[in-house]
Amino acid sequence: MTAILFIAQRASAAVLAFAVTVHLATILYAVRGGLTAGEVLARTRDNHWFFAFYVLFVLAVAVHAPIGLRNVLREWTPFHHRSIDVALALFAFVLLALGFRAAVAVYLPPEALLG
Amino acid sequence: MAEASESTLSVDVWRGAAEGRFQTFAVPRRAHQTILDVVTEIQRDQDATLSYRFACRVGMCGSCAMVVNGRPRWTCRTRVSEAVTDDGKLKLEPLRNFTVVKDLAVEMVAFFDKWRDAKGHFTPGEPQADFQVVPPATLERKAADAGIECIGCGVCHSACDVVTWNKDYLGPAPLNRAWTLVNDVRDVGNDARIDAVSGSAGCHACHSHMSCTEFCPRGISPTYSIAGLKRAMIRRALGRKL
């Protein structure tokens with residue numbers, strides 16, 4: 001179990017190193033001349049590359065953050081039993097849900113979101 | 001309170017076990033004096049009840065390790081001039097992360113139990129020849145050579161914060177020994193060894209602070225050995241031969 005978690009955390013860290021760099025560089029580049037929310041959304045809507053990139057980003061976060069938090073909690077708190085794994089699996093699910101919601105919200109047109 | 005001067009050292013020495021206090025001694029300063037010389041002089045001339053441990057006096061046995069002015073080191077190979085404060089003071093404590101028996105002598109059993117738990121013993125396979133040659137230029141041999149000179153003095157164990165935080169952590173020296181055996185082509189015990197060092201008390205617990213590497217008197221880098229164990233564990237988990 002520890003081996004799998006270790007590999008998953010290192011692999012997701014490699015994805016995050018790439019994704020965070022692209023994410024921040026894009027923000028800095030895109031807003032350098034000033035950009036409204038509407039203009040941002042106009043660029044992100046229906047952009048498959050954009051959506052695929054953020055889905056990957058969200059997946060990496062949902063894998064990486066709970067494993068790291070698990071290590072911190074196991075080292076610094078008295079919680080060592082299974083309950084901590086259940087709680088962190090739930091935390092991973094919350095990250096996934098929030099992340100996907102945000103990615104979908106800027107990818108799909110408002111009509112599709114509102115039904 | 002002993003006053004330090006150019007010709008006299010003021011030496012605070014830990015007296016007691018887990019509970020205790022520092023006792024201050026004034027010791028004449030001499031040319032080329034080692035910390036072990038200072039402790040021995042205190043024990044012979046001032047207080048015969050002082051307990052400490054040494055054997056070889058030349059940096060081969062590792063039994064005289066103590067914490068000197070906050071740094072774990074071999075007292076026989078540390079000159080006073082290297083460790084003393086500008087105002088001529090020394091503070092001598094037993095190694096950290098060990099149970100203190102008395103004064104400066106510590107119990108080493110738990111430390112060596114961890115070598116056993118890390119499968120730090122050679123597991124022989126079928127002999128390939130009467131005398132099996134392990135070529136010195138191979139990568140495995142070089143990796144084993146880099147860590148093989150450990151003499152088990154406990155300095156790295158004393159320096160490691162993770163050992164302090166996690167009593168189950170195997171620690172730098174046992175993991176370094178495991179890494180030398182992982183690279184020993186004659187050894188056949190790696191499946192059990194990698195299992196033994198992979199848990200949350202094994203190589204994954206290392207924070208790579210590198211205190212072990214900083215303080216090792218032999219110049220070994222247990223941190224790199226532990227990183228090697230992590231790679232070996234990944235290769236094994238992914239199904240490749242070690």
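The questions below concern a predicted model.

Q: Why is Ala192(B) called partly exposed?
A: The relative accessibility of Ala192(B) is 41%. Partly exposed covers the range between buried, under 20%, and exposed, over 50%. Ala192(B) therefore counts as partly exposed. The residue lies in helix α8 (residues 190-198) of chain B.

Q: Why is Arg116(B) called exposed?
A: Exposed requires a relative accessible area over 50%. Arg116(B) has 51%, so the residue is exposed.

Q: Why does Asp113(B) count as partly exposed?
A: Asp113(B) has a relative accessibility of 30%. Because buried means under 20% and exposed over 50%, Asp113(B) counts as partly exposed.

Q: What makes the pairing of Arg116(B) with Asp113(B) a salt bridge?
A: The closest N and O atoms of the two residues are 3.5 Å apart. The criterion is a side-chain nitrogen of Lys or Arg within 4 Å of a carboxyl oxygen of Asp or Glu, so Arg116(B) and Asp113(B) form a salt bridge. Both residues lie in helix α3 (residues 109-117) of chain B, 3 residues apart, about one turn of the helix.

Q: Why is Asp184(B) called buried?
A: Asp184(B) has a relative accessible area of 13%. Buried means under 20%, and Asp184(B) is therefore buried.

Q: Why is Arg186(B) called partly exposed?
A: With a relative accessible area of 36%, Arg186(B) falls between the limits of 20% and 50%, and so is partly exposed. The side chains of Asp184(B) and Arg186(B) meet in a salt bridge at 2.8 Å, N to O.

Q: What makes the contact between Arg70(A) and Asp85(A) a salt bridge?
A: The N to O distance between these side chains is 2.7 Å. The limit is 4 Å, so the pair qualifies as a salt bridge. The pair links distant parts of the chain, with Arg70(A) in helix α3 (residues 48-76) of chain A and Asp85(A) in helix α4 (residues 82-107) of chain A. Both residues are buried.

Q: How many salt bridges and polar contacts are counted between chain B and chain A?
A: The count is 0 salt bridges and 1 residue pair in polar contact. By class, the side of chain B that touches chain A has 6 nonpolar, 5 polar and 1 charged residues.

Technical notes
Residues are numbered from 1 along each chain as its sequence is written. Chains are lettered from A and ligands numbered from 1 in the order in which they are written. This is a predicted model: local features need pLDDT of at least 70, side-chain atom pairs count only at pLDDT 80 or more; totals for chains, interfaces and linings use all residues. Side-chain values use heavy atoms; hydrogens and water are left out. A polar contact is a pair of N or O atoms within 3.5 Å; within protein, one must be able to donate a hydrogen and the other to accept it, and residues adjacent in sequence count only if both atoms are side-chain atoms. Ala, Val, Leu, Ile, Met, Phe, Trp, Tyr, Cys and Pro count as nonpolar, Asp, Glu, Lys and Arg as charged, and the others, Gly among them, as polar. Helices (H or I, at least four residues) and strands (E, at least two) are DSSP runs, numbered from the N terminus. Buried means under 20% relative accessible area, exposed over 50%, partly exposed in between (1.4 Å probe, protein chains only).
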